[in-house]
Amino acid sequence: MLNTVTNGLCPQVITRTWIAYDCCTNSSTCSQTVTVIDTTPPTITCAPDKTVQCGTPWTFDLPTATDNCCTNPVVNAVLTYTNGTPCDYIVSRIYVAYDCCQNQSLACTQRVTVVDTIPPTITCPTNMVIDTCNTNAIVTWTVLATDNCSTNITVTSTPPSGSVFARGTTTKVLVTATDGCGNTNTCDFKVTVERPTLTIVHNPGLHTVTLIWSDGILQVADNVLGPYVDVPLATSPYTVPAVGPHRFYRLRCP
């Protein structure tokens, strides 16, 4: 053998030259050329299909590709498309692989199903106590509801905000939040309607007391039995001295 020469890649041409000598050192040469071709495409395997929750981060998984001749075939995404509804849809991505000789593999597809099965979060008001001199009260409230995916959240209350509640009763209010995919969550709170109460707060350092009320007319008397008279222009909070003659206060509902 005289030498071996390799040229090219696709195809690869390998030439080997031989030389022969006789006993008088006369020589003769010949060559053989072998052309190596690659017409076999790589194989590609996509990652398994998967399901993810709407509103959570996710990505497609890269396929794996192998080739009989070339190392590290190149994988390309050629198409991504979506089918279904906002509450249950499938995002598909199609991949192909190329080897170093530009042979293209068959396509494979990974499908990601996006679902929304998580209910919205809901925050009810704390239990409400309404003081009123009236026989009933109109009570309103606000409920906070959020969702991981849907923006059109429906919130209903039973009874609804703005309802009339009778004095002397405690009513349980049930609140339901429903997202755009029909997932629901509930919370509840109580509404108590009662006669107004008078709260007295002592201020020792100031030698005063502060009277606090939410409805009614403040009255004062020199003894607990009365007679009680209205305190002119008294509004809550109302502060009076804590020294001097005893005074007795109460609320009058007109």
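Biologist: How far is the sulfur of Cys 23 from the closest cysteine sulfur?

Modeller: The closest cysteine sulfur belongs to Cys 24 and lies 4.1 Å from that of Cys 23, which is too far for a bond, given that a disulfide here is a pair of cysteine sulfur atoms within 2.5 Å. Before we go on, please note that this is a predicted model, in which local features need pLDDT of at least 70 and side-chain atom pairs count only at pLDDT 80 or more, while totals for chains, interfaces and linings use all residues. Residues are numbered from 1 along each chain as its sequence is written, and side-chain values use heavy atoms, with hydrogens and water left out.

Biologist: Is Cys 23 buried or exposed?

Modeller: Cys 23 is exposed, with a relative accessible area of 79%; the cut-offs, for a 1.4 Å probe and protein chains only, are under 20% for buried and over 50% for exposed, with partly exposed in between.

Biologist: OK, how many disulfides does the structure hold?

Modeller: There are seven disulfides in the structure. One of them joins Cys 54 to Cys 149, with the sulfur atoms 1.7 Å apart, and the 45 degrees about its S-S bond make this link right-handed.

Biologist: Where do Cys 54 and Cys 149 sit in the chain?

Modeller: They are in distant parts, 95 residues apart: Cys 54 is in the loop between β5 (50-53) and β6 (64-66), and Cys 149 is in the loop between β13 (144-146) and β14 (154-158). The strands are DSSP runs (E, at least two residues), numbered from the N terminus. Cys 54 is buried at 8% relative accessible area, whereas Cys 149 is partly exposed at 29%.

Biologist: Which cysteine does a disulfide join to Cys 87?

Modeller: The partner of Cys 87 is Cys 181, at 2.1 Å from S to S, and with -95 degrees about the S-S bond that link is left-handed.

Biologist: What about the torsion for Cys 124 and Cys 187?

Modeller: The torsion about their S-S bond is about 80 degrees, so that disulfide is right-handed, and its sulfur atoms are 2.0 Å apart. Cys 124 is buried at 16% relative accessible area, and Cys 187 counts as buried at 14%.

Biologist: Switching to the rings, how many aromatic pairs are there?

Modeller: The structure holds three aromatic pairs, where rings of Phe, Tyr and Trp (its six-membered ring) pair if their centres lie within 6.5 Å, and planes under 30 degrees apart count as stacked, over 60 as edge-to-face and the rest as tilted. One of the pairs is Trp 141 with Phe 189, which is edge-to-face at 5.3 Å centre to centre and 80 degrees between the planes.

Biologist: Are those two residues buried or exposed?

Modeller: Trp 141 is buried at 12% relative accessibility, and Phe 189 is buried at 0%.

Biologist: Which residues do ring pairs link into a cluster?

Modeller: The cluster consists of Trp 141, Phe 165 and Phe 189, linked by ring pairs.

Technical notes:
Helices (H or I, at least four residues) and strands (E, at least two) are DSSP runs, numbered from the N terminus.
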